[in-house]
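Subject: Structure handover and notes

Dear colleague,

Here is the structure I promised to pass on to you. My notes on what was found in it follow directly below.

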Amino acid sequence: MLHAADAFAKTRAEERAALVGYLPAGYPTLADSIKAVEIMIDHGADIIELGLPYSDPVMDGPAIQKAADQALAGGFRTRQVFEVTEAVAGRVPILVMTYWNLVERYGVERFARDFAAAGGAGLITPDLIPDEAGEWIAASDAHGLDRVFLVAPSSTEERIASTVAACRGFVYAQSVMGVTGARAATSAAAPLLVERTRKHTDLPIGVGLGVRSGDQAAEIGAYGDAVIVGSAIVNCYLESDDIPAGHQKLAELTADLAEGVRR
Amino acid sequence: MPNPDASGHWGEFGGRFVPEALIAALDELEAAHTAALADPAFTAELDKLGREYGNLPSPLYFAERLSEETGVEVWLKREDLNHTGAHKIRNVLGQALLTKRMGKTRIIAETGAGQHGVASATAAAYFGLECTVYMGEEDTRRQALNVARMRLLGAEVVPVTTGSRTLKDAMNEALREWVASVDHTHYLIGSVGGPAPFPQLVRDYCRGIGDEARAQFLERTGSLPDVVAACVGGGSNAMGIFTAFLDDADVKLYGFEAGGDGYDTGRHAATITAGQIGVLHGARTFVLQDEDGQTIESHSISAGLDYPGVGPEHAHLAATGRAAYEPVDDAEAMAALEKLARTEGIICAIESAHGLAGALRLAKGLKPGARVLVNLSGRGDKDMGNVVEYFGFANEKGA
């Protein structure tokens with residue numbers, strides 16, 4: 001099983017930031033979400049973040065909401081994230097990004113067991129703070145899974161310290177105060193947040209929210225250890241007439257982003 | 001006061017299941033609220049506002065004809081007579097005053113039927129705060145009059161077009177907006193749900209209902225009621241009246257949830273009765289959800305009860321058995337609404353009619369002369385469109 005640390009060992013050796021690509025599992029269809037992950041890996045993604053579609057995604061902007069709605073309307077079930085994971089695991093680390101209720105409903109221990117068995121690396125949990133994560137911390141320890149919690153520009157020093165202490169794999173820096181979504185300019189708060197976070201940890205720090213181009217990836221890669229791209233990837237399909245055109249766009253976008261982190 | 005533990009939990013319920021980005025604001029809010037309640041100047045100002053602006057305390061009313069018909073004493077806490085027509089004025093005045101105290105200049109709110117939106121817009125107008133209200137697009141169509149009220153009061157109303165386009169989606173959108181504007185904006189949440197400290201904070205501002213009613217009841221009857229009943233959607237009016245009685249072991253507490261088309265049809269909002277423990281909108285509580293944990297849409301004739309979650313303190317009171325929760329379906333609620341209108345000349349909100357209907361059902365099993373206190377949480381003017389449709393007053397029956 002690959003972990004986030006394996007990807008970061010490689011990117012650190014190459015003296016560059018890692019590219020993390022996000023897509024909701026089951027979007028645009030179950031089979032095509034597997035295909036999309038393969039495209040991202042083929043074109044230079046170092047880590048994959050699979051979203052677990054949820055009915056009430058309070059941290060997501062319109063693009064990811066729409067994709068999640070479409071996946072759910074297509075009948076997506078939680079357990080299918082293990083199918084997608086199993087289909088693509090082995091080349092790069094696969095993390096699942098999920099709102100907490102879905103894991104709790106599946107059973108925290110059971111989810112950890114089944115995800116580890118499918119070859120998954122760990123979870124990114126946007127609405128679970130370490131303070132509430134006792135059961136997940138125990139289950140992720142038992143099954144050797146990464147746990148990625150978030151820090152934000154509003155986090156105090158104390159909270160950054162306690163949050164990174166609970167992380168394994170990397171730390172997710174939410175670079176803007178706002179929901180996910182591609183933005184023309186990334187946040188000025190991001191470099192400051194990364195700098196503040198570094199004082200508390202040696203773990204790699206991934207920067208997310210708003211990246212949509214190779215230029216932005218290069219800019220963020222200059223201070224962050226990973227560049228996380230989500231809405232721009234989803235937009236490849238939302239803005240295409242059909243799925244093959246979306247796959248084509250995704251290949252081009254990923255190549256552009258991968259070139260960006262290598263500048 | 002039965003407060004949650006230091007991390008905002010009542011037993012296994014409550015807590016904070018929100019993005020880290022909001023934690024600093026929640027900590028700030030908690031500290032500000034605690035300091036405000038301990039500050040005599042703040043509580044005196046809030047009391048004065050309640051009296052002079054909110055029309056508080058609300059009367060305790062003995063419903064004589066209804067009591068004769070039912071064989072028990074029915075007492076109504078007349079929150080329908082408050083300014084803006086419901087208990088919600090208590091919550092918004094408290095939170096708006098707190099917003100000023102925190103130095104924030106803007107409030108945002110979610111609303112279903114529009115009652116909390118109107119109350120929030122009212123408080124914003126009073127305090128000179130900017131106000132944006134998120135409301136499901138479906139609901140803006142169903143409740144056009146309340147949209148007009150909010151706009152007249154100077155609030156911006158944002159129709160929410162995501163998900164099911166109802167209250168839960170309005171709440172999602174308010175949470176999203178709050179993350180982006182948290183440095184100058186307070187999220188004036190409308191019920192005893194959401195992440196800590198909201199459930200406790202909203203309860204603290206609503207608990208005057210029960211504090212007043214308990215004192216009024218003692219003064220009028222020399223005893224406490226045998227039963228206290230209230231409707232439960234998110235549960236702010238019910239927590240408001242329950243809190244004063246929590247330590248009175250002989251007083252039975254009943255919350256009545258919306259049974260919609262009927263509990264066995266699956267189309268209802270009976271969250272505690274039919275839901276499972278889960279996480280929704282920042283708290284662990286009972287949630288109407290499917291096998292995977294996806295939220296299930298709720299149904300009720302009462303927009304104010306039409307919500308698939310419930311405040312975590314209610315979940316705790318249910319789990320510990322201190323309060324009992326039962327569904328009341330649309331038909332039973334509407335029958336109670338009509339009965340109250342015809343025996344007492346009071347047209348209550350459809351929400352409140354659920355609490356009354358449940359109390360009337362309970363009355364059949366109580367000894368004659370038992371004393372039942374019902375929180376009449378709001379007035380029914382806003383519901384006349386539904387009433388006309390439900391009873392067919394527009395055609396033969398009302399002709």
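This is a predicted model: local features need pLDDT of at least 70, side-chain atom pairs count only at pLDDT 80 or more; totals for chains, interfaces and linings use all residues.

Turning to chain B as a whole, its secondary structure consists of 16 helices and 15 strands, and its C-alpha atoms fill a box of roughly 55 × 45 × 45 Å along the principal axes. The radius of gyration of chain B is 19 Å, which agrees with the value near 21 Å that a compact globule of 399 residues would have. Of those 399 residues, 61% count as buried, and among the contacts in chain B with a separation of 6 or more, 74% are between residues 24 or more positions apart.

The domain assignment divides chain B into domain 1, made up of 19–51 + 88–202, and domain 2, made up of 56–85 + 207–398. The C-alpha centres of these two domains of chain B are 23 Å apart, and 28 residues of domain 1 are in contact with 26 residues of domain 2. On the domain 1 side of that contact, the elements giving two or more residues are helix 2 (40–52), helix 4 (88–101), helix 5 (115–127), helix 8 (167–181) and helix 9 (198–206) of chain B. By class, that side of domain 1 of chain B has 10 nonpolar, 13 polar and 5 charged residues.

One residue of helix 4 of chain B may be worth a look on your screen, namely B:Leu97. B:Leu97 has 20 other C-beta atoms within 10 Å and is therefore buried, the cut-off for that class being 20 or more. Leaving aside residues up to four places away in sequence, B:Leu97 touches B:Phe42, B:Glu45 and B:Leu46. The C-alpha atoms of B:Leu97 and B:Ala123 are separated by 8.7 Å, although the two residues are 26 apart along the chain.

Chain A has 12 helices and 9 strands. Its radius of gyration is 17 Å, close to the 18 Å that the globule rule gives for 263 residues, so chain A is as compact as a globular protein of that length. The C-alpha atoms of chain A fill a box of roughly 45 × 40 × 35 Å, and 60% of the 263 residues count as buried.

The strands of chain A include an open sheet of 9 strands with parallel pairing, in the order 5-4-3-2-1-9-8-7-6. Strand 5 (146–148) and strand 6 of chain A stand at the edges with a single partner strand each, so one side of each is left without a neighbour in the sheet. Strand 1 (residues 18–24) and strand 9 (residues 226–229) of chain A pair in the parallel sense over 4 bridges, and the bridge partner of A:Gly21 in strand 9 of chain A is A:Val229. Helix 2 (residues 30–42) of chain A packs on this sheet, where it touches strand 1 and strand 2 of chain A and makes about 170° with the direction of strand 1.

Finally, the two chains meet through 32 residues of chain A in contact with 28 residues of chain B. Helix 3 (62–73), helix 5 (100–106), strand 6 (150–151) and helix 8 (157–166) of chain A each supply at least two residues of the chain A side, and the largest share, 5 residues, comes from helix 5 of chain A. The residues of that side divide into 14 nonpolar, 10 polar and 8 charged.

With best regards

How values were computed
Residues are numbered from 1 along each chain as its sequence is written. Chains are lettered from A and ligands numbered from 1 in the order in which they are written. Domain bounds come from an automatic or database domain assignment. Two residues are in contact if their C-beta atoms, placed from the backbone, lie within 7 Å. Ala, Val, Leu, Ile, Met, Phe, Trp, Tyr, Cys and Pro count as nonpolar, Asp, Glu, Lys and Arg as charged, and the others, Gly among them, as polar. The radius of gyration is taken over C-alpha atoms; the globule rule is 2.2 Å times the number of residues to the power 0.38. A residue is buried if 20 or more other C-beta atoms lie within 10 Å of its own, exposed if 12 or fewer, and partly exposed in between; C-beta atoms are placed from the backbone. Two strands pair if DSSP finds at least two bridges between them. Axes are lines fitted to C-alpha atoms, for helices over the stretch in contact, and angles run from 0 to 180 degrees between N-to-C directions.
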